[in-house]
Amino acid sequence: MEEINKDLKKCIEENIFPQYENNNIGGHGIDHIKYVIERSFEIIKEFNLDVDKNMAYVTAAYHDLGYKRNPEKHEEVSSEMFKEDQNMNKFFNEEQINTIADAIADHRASSKHEARNIYGKIVSSADRNISVNTTLKRSILFYKTKYKNEDIKDMDIIENSYKKLSSKYGKGGYAKMYYPDNKYNEFIKSMEELIENKDEFINKELEIIRENDDNN
């Protein structure tokens, strides 16, 4: 990313990225962060958005940082962690820092209010998966981690996953997508078709569970 300030990029890669190493619950690790950064810039390019690319980059880099501390309110924690990072004062003024903090706080698909600024809309859109298999895997991983100390059957996990993904990605689902690019439109169509065929959904999730069990 040649358009990103080199010192800023180095600061993020050395100080922020390593904090995601133990943040893999529910698919919120460093691979996901790099994916959201990449998708942010794809969206900026496709919609020709007039934004500060350094701000977009940092918003994506920080957006899940607080997940390990508090999964249920990780957007708020991540926002506060960003504001507390004194390194960022070297690259952004107070207004920019507040804008980025608001964007991080607004990124969740389940947020009941619209993102307050364009950076929040970009990272929220970039945070949406465009891979059906990845979406299913993240969902299974989340519920297997959530119930790891409980006696719960695979079919119960799948049922929870189906209900959650249906409400999020089924027709009329709550997942916000401010910038529905071509990749997302293809994804959402595939998800809606899969959700309408529950038997196929169950078979795919069972296959993912078997693969996960074989790898552990």
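Helices α2 and α6 cross with right-handed geometry in this predicted model. Their contact, by class, involves seven nonpolar, two polar and one charged residues.

**Helices α2 and α6**
- Two packed helices are described by the angle between their axes and the distance between the axes.
- For α2 (residues 30–46) and α6 (residues 118–126), the axes come within 8 Å and cross at roughly 120°.
- Because of that angle, α2 is oblique to α6.
- On the α2 side, the residues that meet α6 are Tyr35, Val36, Arg39, Ser40, Ile43 and Ile44.
- On the α6 side, the partners are Ile122, Val123, Ser125 and Ala126.

**The largest nonpolar core**
- In soluble globular proteins, nonpolar side chains tend to be buried together.
- The largest nonpolar core here has 60 residues, and those touching the most other members are Ile12, Val58, Tyr62, Phe82, Met88 and Tyr169.
- Helix α3 (residues 53–62) supplies the largest share of this core, seven residues.
- Beyond its neighbours within four places in sequence, Ile12 contacts Phe17, Pro18, Tyr57, Val58, Ala61, Tyr62 and Met88.

**Ala61**
- Ala61 lies in helix α3.
- Ala61 has 0% relative accessibility and therefore counts as buried.
- Setting aside residues up to four places away in sequence, Ala61 touches Ile12, Ile16, Phe17, Tyr20, Ile33 and Ile37.
- From Ala61 to Ala109, the separation is 48 residues in sequence and 17 Å in space, C-alpha to C-alpha.

Methods:
Residues numbered from 1 in each chain as written. Predicted model: local features only at pLDDT ≥ 70, side-chain atom pairs only at ≥ 80, totals over all residues. Heavy atoms only, no water. Core = buried A, V, L, I, M, F, W, Y, C linked by side-chain atoms within 4.5 Å. Buried < 20%, exposed > 50% of the residue type's maximum accessible area, 1.4 Å probe, protein only. Helix = DSSP H or I, 4+ residues; strand = E, 2+ residues; numbered from the N terminus. Contact = heavy atoms within 4.5 Å. Axes fitted to C-alpha atoms, helices over the stretch in contact; angles between N-to-C directions. Parallel < 35°, antiparallel > 145°, perpendicular 65-115°, else oblique. Left-handed = near helix turned anticlockwise from the far one by under 90°. Nonpolar A, V, L, I, M, F, W, Y, C, P; charged D, E, K, R; others polar.
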